[in-house]
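The following account is intended for a reader who meets this structure for the first time. Please keep the sequence and the model in view while reading.

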Amino acid sequence: MEIVEISQSDILSWIVFLPLAGALILTLIPGRRLALLRWLALGITALDFVASLSLFSGFVPSAHEMQFVVRRPWIESWGVSYHLGVDGISLFLVLLTAFLGPVVVLSTWSAITRSVKSFMILILILQCGMLGAFVSLDMVLFYIFWEVMLLPMYLLIGVWGHEKRIYAALKFILYTVAGSLLMLVGFIYLFWLGSQSLGYFTTDLLDLYRVVVPYHAQFWLFLSFALAFAIKVPIFPFHTWLPDAHVEAPTAGSVILAAVLLKMGTYGFIRFAMPLFPSASEVLAPLVMTLAVIGIIYGALVAMVQPDLKKLVAYSSVSHLGFVILGLYSITASGITGGIYQMLNHGISTGALFLIVGILYERRHTRLIEQFGGLSARLPIFAFFFMVATLSSIGLPGLNGFVGEFLVLLGLYGSEHPGFVFFAATGVVLSAVYMLWMFRRVMFGPLTHPENEGLRDLSLREVLVLLPPAVMMFWMGLFPQPFLERMQPSVDYFIQQYHRKIEITEVGSQEPDNLLAGKVRFESYDPE
Amino acid sequence: MLSFPEINWNILIPQAALASAGFFLLLVAVFYRGPGAGKGPARVGAVLSLFGLAVSACMTAYQWESVSSDLGGLLRIDPFSTFFNLLILAGAILCVLISVREAGGLRHLAGEYYALLIFATLGMIVMVSAADLLVVFIGLETMSLSVYILVGSRRTEAAGNEAALKYFLMGAFASGFLIYGIAFLYGVTGTTKFELLAAGLQGNSPGALTLTALGLVLVGFLFKISAVPFHMWVPDAYEGAPTPITAYMAVAVKAAAFGVILRLLTVGFMPLSEYWLPVMWTLAVATMILGNLAAIFQSNLKRMLAYSSIAHAGYILVALASIDPNSGAFGDDPALISAVFYLVVYTVMNAGAFAVLIYLGHLGRPMETLEEVRGTGFRYPLLGAAMAVFMFSLAGLPPTGGFLGKFYIFSAAVQRGFVGLAVIGVLNSAVSVYYYLRVTVQMYMRESEESLPALPFSFPLSLTLAVTVWGVLQLGVIPSSLLEAAGRAVLFLR
């Protein structure tokens, strides 16, 4: 373990900043050399993915600590450091992000013809921001990456989107910024509490974990953090930006938004909101879980009646991410593992669904379900991939979705709030209803629209776009063990720390002054 | 019998350099009219004033270590004043760089234009090095009178004249308040020197006269920094003035006024802190809210930036409201450091934003409203990217200096227990994201109705943009050295 950390300690910096370096290289290439720009962007993202695989192989499955840690002082007077690391919770999210990079770039080959250079540069900056946010172990660093991903996404939606793109782009960024700025105040307050309790200024997450925040402060701090993340997830009733953003974004934007950006919210819960303020989180758990359940059922019902394919997939995201939240809030090993697994599943299957909708849109310039029907006979290869993605999204055993959903339900059953299992299971049934119904209307039945007769099946490039996600769906469905065993220690550790910190807060809150004076401190996380 | 104090001329070299540069420019303007009154005088003026400013800046930087007071305690040279002098000189240099075309349009008045710019700068550095309210007043008037003229330098344009007149009338009132306040203070304490003021105000609870004096003096400066409710002149003056002068007002004038306020509040008025701290709190809230809300409804970019500069004054007032009156050493007071840091960031990003507007103005048609800048983002990629960086920074989004600046200010507020103030400030920032990003929306997401011609290359503007973009990003990513300098500067307050 020691050897691993020392020998490869800079690999995370490389993974995070390689896309940014690529973006800088792209600025030097003339904008009319489209092929070069596309291949270069593909090469950079693919290289980044290959680099990220070394995380997988070098990761010590039995350890719960942060691995591949990089730590350097940055703004010393405020205790801000450049601190990166991954554990079992963030490892696969990093891999997912790096995995989708080349897929997304390849999918834009024919869809993006205008300002290709700027588009690729923005995708690469976005990639840097997302990877950075997943591996940051310093609050300021995290916040910077968190906001850095907003701007490229905003431009992607606003410039390359569809008719109502500007409205959608502004709505997206205003919702997210409003939430994250309130989180910033919360964080500043935490920073101040931390300096009181620890006796020095620090923004280091592992140091801040050790601060036991008095209960009344936890309540407000949790709300400020949870609001930012809830908007991002999005948890009902903060989801209204999502359908607009998804529908108006170009395909690549929708894929990244659904596959990675939404995970940023759930990741924020498990990395920040819950472990930093566990007592408040515990008290508010029924509220969060109820909202998640409302999201599951509401998202599914609304998805069912959508005439627009993209909107349907967007609402299905609201439903699926409710599942993730339920899993995380079960505070059981299988529930949280399932929640994380479900994040990956949703990233892959919903990403694939958006790619598929994009492929249809490129051919027919419409996304209305009623405009299709009977496509399976015309497009057999396409039908295969569409079917796999649909079944994965539903959670068919043998595909990835099943593993995640099963673990979440199992975990929920053993949690303190087993009643939610019933509602969550309803969501599973409903998702089968709306997905299969949609699939039947699009792919089966008679070919009623003459425009659909001349449709081409997938090109080799499009097969290459859809093949990696499809392979992952089978792989993660059939062989979940390599994934789960790497998550397990970190999740167990998280649960143990969560409960211990609640106890300490209860004891300490009888004399809050002791907490602030640093007399009661949570020592389990050793900063060194 | 008058006795002349020993004068240490060395510490006055920066001021002397500026004064001689100004007079020399006036002389040159009289004798050199250039062939056909073309751009010659403007170029010569720009080079000469840059030279003068650079010499002055070098001499000022040389004083970084020194602490001394001179002219019988009328001036005080310490790292704080040196810091602000450098900031003001940097602002003036940027302003000269973006003025070349504007001054060229003035033809044979270019020399006077630059001379006034230099004199205004001289007034500012006198202001921030002053240790006596009367010296402050002299500096303030030197600055104000020059700027009034500069605002109206396009003599044939009605908007410019209106702006100059409004600014002058309001400014004259503000100066009146200030000198009235100084007189009252003298009446109460028998002195106008900052340090003796503090001693005179110590102890007894202040009477009505003292508080009136405090109020009047503050009004004079709050007017210059465009705090609500003394902001009425800002939108009109900013919109009507030539754009480089607007930038100058937004950047240098504000920095100078804040420099004086910081020193005055922490040195002279510290005994009255329980009276002015709540005032700052209230004004900060009012200024932020009014500036941001009004900016939403502006379609003219200069007017939008005018309201935005009001809003930013509000953010800095948050820092002033968070000053800890009981802390022994100000070097540790995050409020002061954050105010100084924010002023630097603000200077850089605002100068940059105005430079983009001026560059777009080179197209030969007005480029000031949101409709007019449509489609420029992709047509002029570098210019568009620079504007995007400035807008993100003004909105306070990372990884720009604007984000760290706001972060420090709100941290200072939270550390003083003003969580409510920080929340109000943050919500205001969220509002501001809307109107700043609207500029990028227009530049990138909408198409221009008519085709946009190629933009002639301008070296001074490109240089300004390169420096400001670099500055905004550097302050957002590696701010440590500036933070250290700011920390050292505020160490010498009180």
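A residue is called buried if 20 or more other C-beta atoms lie within 10 Å of its own, exposed if 12 or fewer do, and partly exposed in between, with C-beta atoms placed from the backbone. Helices (H or I, at least four residues) and strands (E, at least two) are DSSP runs, numbered from the N terminus. The model is predicted: local features need pLDDT of at least 70 and side-chain atom pairs count only at pLDDT 80 or more, while totals for chains, interfaces and linings use all residues. Residues are numbered from 1 along each chain as its sequence is written, and chains are lettered from A and ligands numbered from 1 in the order in which they are written.

Two residues are in contact if their C-beta atoms, placed from the backbone, lie within 7 Å. Leaving out residues up to four places away in sequence, B:V356 touches B:L383, B:A386, B:M387, B:F390 and B:L465.

The two domains of chain B, whose bounds come from an automatic or database domain assignment, are domain 1 (11-168 + 228-263) and domain 2 (271-494). Their centres, taken over C-alpha atoms, are separated by 21 Å. The contact between them takes 29 residues from domain 1 and 38 residues from domain 2. On the domain 1 side, α3 (79-105), α9 (233-240) and α10 (243-268) of chain B each give two or more residues. The most come from α10(B), with 11 residues.

Helix α9 of chain B also holds B:Y238. This residue has 29 C-beta neighbours inside 10 Å and therefore counts as buried. Apart from neighbours within four places in sequence, B:Y238 is in contact with B:T246, B:M249, B:K302, B:R303, B:L305 and B:A306.

The account now turns to the two chains together. In their contact, 27 residues of chain A meet 24 residues of chain B. On the chain A side, α6 (139-160) and α7 (165-198) each supply at least two residues, and the largest share, 15 residues, comes from α7(A).

Chain A also contains a hairpin formed by β1(A) and β2(A), with four residues between them. Strands pair if DSSP finds at least two bridges between them; here six bridges join β1 (residues 67-75) to β2(A), and the two strands run antiparallel. One of these pairings has A:V80 in β2(A) as the bridge partner of A:I75. In the turn, A:G79 has a positive phi of about 70°. Strand β2 (residues 80-86) is mostly covered, with six of its seven residues buried.
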